[in-house]
Amino acid sequence: MSKAFIQERDTDDEDDELPQQRVPVGAKNYMTPAGYARLRAELMHLIDEERPRVVETVAWAASNGDRSENGDYLYGKKRLREIDRRIRFLTKRLERAEVVDPSVHHGKDQVFFGATVTYARADGSEETVTILGIDEADSSRGQISWISPVAQALLKARVGDEVRLVTPAGVQTLDILAVHYPAPGAMAGG
């Protein structure tokens with residue numbers, strides 16, 4: 001097929017967010033101070049270091065002549081699009097961010113954003129999760145997003161409460177055993 005008929009698609013803003021990462025319509029993008037700092041650090045690294053380095057490589061590759069078969073040029077242009085997409089994504093996320101310091105709830109037994117909650121299932125198994133922002137949560141570290149079904153079931157409950165979690169396999173009952181928050185100043189550094 002002729003290159004004249006192939007349109008290289010530069011992504012629109014709507015493609016900047018993956019479906020599982022979308023902030024619910026009308027909701028704030030809650031995150032901890034440490035999560036905000038990590039996203040901001042990534043954004044600044046991309047703007048101040050990564051993008052200028054790739055632009056320099058692309059400029060050098062372009063000066064070498066034929067761009068159609070120049071791997072450095074082609075890869076560099078692709079990498080620039082990826083960097084620009086990530087910069088747009090991070091910028092939008094940080095603009096919509098609502099930074100919430102969970103340490104303000106230190107010592108309380110009610111579940112709010114930033115809580116580490118231990119709960120028991122009906123079969124006696126226990127699980128501990130920390131409720132964090134969409135961009136911070138890492139399930140392999142026991143962190144869940146505040147919009148996840150488990151977090152939604154736990155939010156506003158207290159130690160000793162039973163909450164219902166609706167799953168595809170049916171309704172589960174979760175008993176809240178413990179709620180912990182970081183001590184003031186503990187999350188500031190990340």
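Phe113 counts as buried in this predicted model, because its relative accessibility is 10%. I begin with this residue and its aromatic partners. Phe113 and Tyr30 form an aromatic pair described as tilted, with 6.1 Å from centre to centre and 45 degrees between the planes. Tyr30 belongs to strand S1, whereas Phe113 sits in the loop between strand S2 (97-99) and S3, so the pair ties together parts that are 83 residues apart in sequence.

Trp146 counts as buried because its relative accessibility is 12%, and the cut-off for buried is under 20%. Two aromatic pairs are counted in total, and Tyr30, Phe113 and Trp146 form one aromatic cluster.

Thr32 is found in the loop between strand S1 (29-31) and helix H1 (33-62). Thr32 counts as buried because its relative accessibility is 0%. Its side chain reaches the backbone nitrogen of Gly35 at 3.1 Å.

I turn now to the sheet. Which order do its strands follow? The order is S5-S4-S3-S7-S6, in an open sheet of five strands with mixed pairing. Strand S5 (143-145) and strand S6 (162-167) are the edge strands, each pairing on one side only. From one strand to the next, the twist averages 45 degrees.

Strand S3 (residues 116-120) and strand S7 (residues 170-180) run antiparallel and are joined by five bridges. Within S7, Ala178 is the residue that stands opposite Thr118. S6 and S7 also run antiparallel, with six bridges joining them. Val166 has Val171 in S7 as its bridge partner. The two strands S6 and S7 form a hairpin, with two residues between them.

Next, the packing. In soluble globular proteins, nonpolar side chains tend to be buried together. In the present model, the largest nonpolar core has 22 residues, and those touching the most other members are Val111, Val117, Tyr119, Ile131, Leu154, Val163 and Ile176. At least two residues of this core come from each of S3, strand S4 (126-132), helix H3 (149-154), S6 and S7. Which element gives the most to this core? Helix H3 does, with four residues.

Leaving aside its neighbours within four places in sequence, Ile176 is in contact with Val117, Thr118, Tyr119, Leu154, Ala157, Arg158, Val159, Gly160, Asp161 and Val163.

To close, I return to two points. The aromatic cluster consists of Tyr30, Phe113 and Trp146. In the five-stranded sheet, S7 stands between S3 and S6 in the strand order, and Ile176 is among the core residues that touch the most other members.

Notes: Residues are numbered from 1 along each chain as its sequence is written. This is a predicted model: local features need pLDDT of at least 70, side-chain atom pairs count only at pLDDT 80 or more; totals for chains, interfaces and linings use all residues. Side-chain values use heavy atoms; hydrogens and water are left out. Two strands pair if DSSP finds at least two bridges between them. Axes are lines fitted to C-alpha atoms, for helices over the stretch in contact, and angles run from 0 to 180 degrees between N-to-C directions. A nonpolar core is a set of buried Ala, Val, Leu, Ile, Met, Phe, Trp, Tyr and Cys residues joined through side-chain atoms within 4.5 Å. Buried means under 20% relative accessible area, exposed over 50%, partly exposed in between (1.4 Å probe, protein chains only). Contact means heavy atoms within 4.5 Å. A polar contact is a pair of N or O atoms within 3.5 Å; within protein, one must be able to donate a hydrogen and the other to accept it, and residues adjacent in sequence count only if both atoms are side-chain atoms. Rings of Phe, Tyr and Trp (its six-membered ring) pair if their centres lie within 6.5 Å; planes under 30 degrees apart count as stacked, over 60 as edge-to-face and the rest as tilted.
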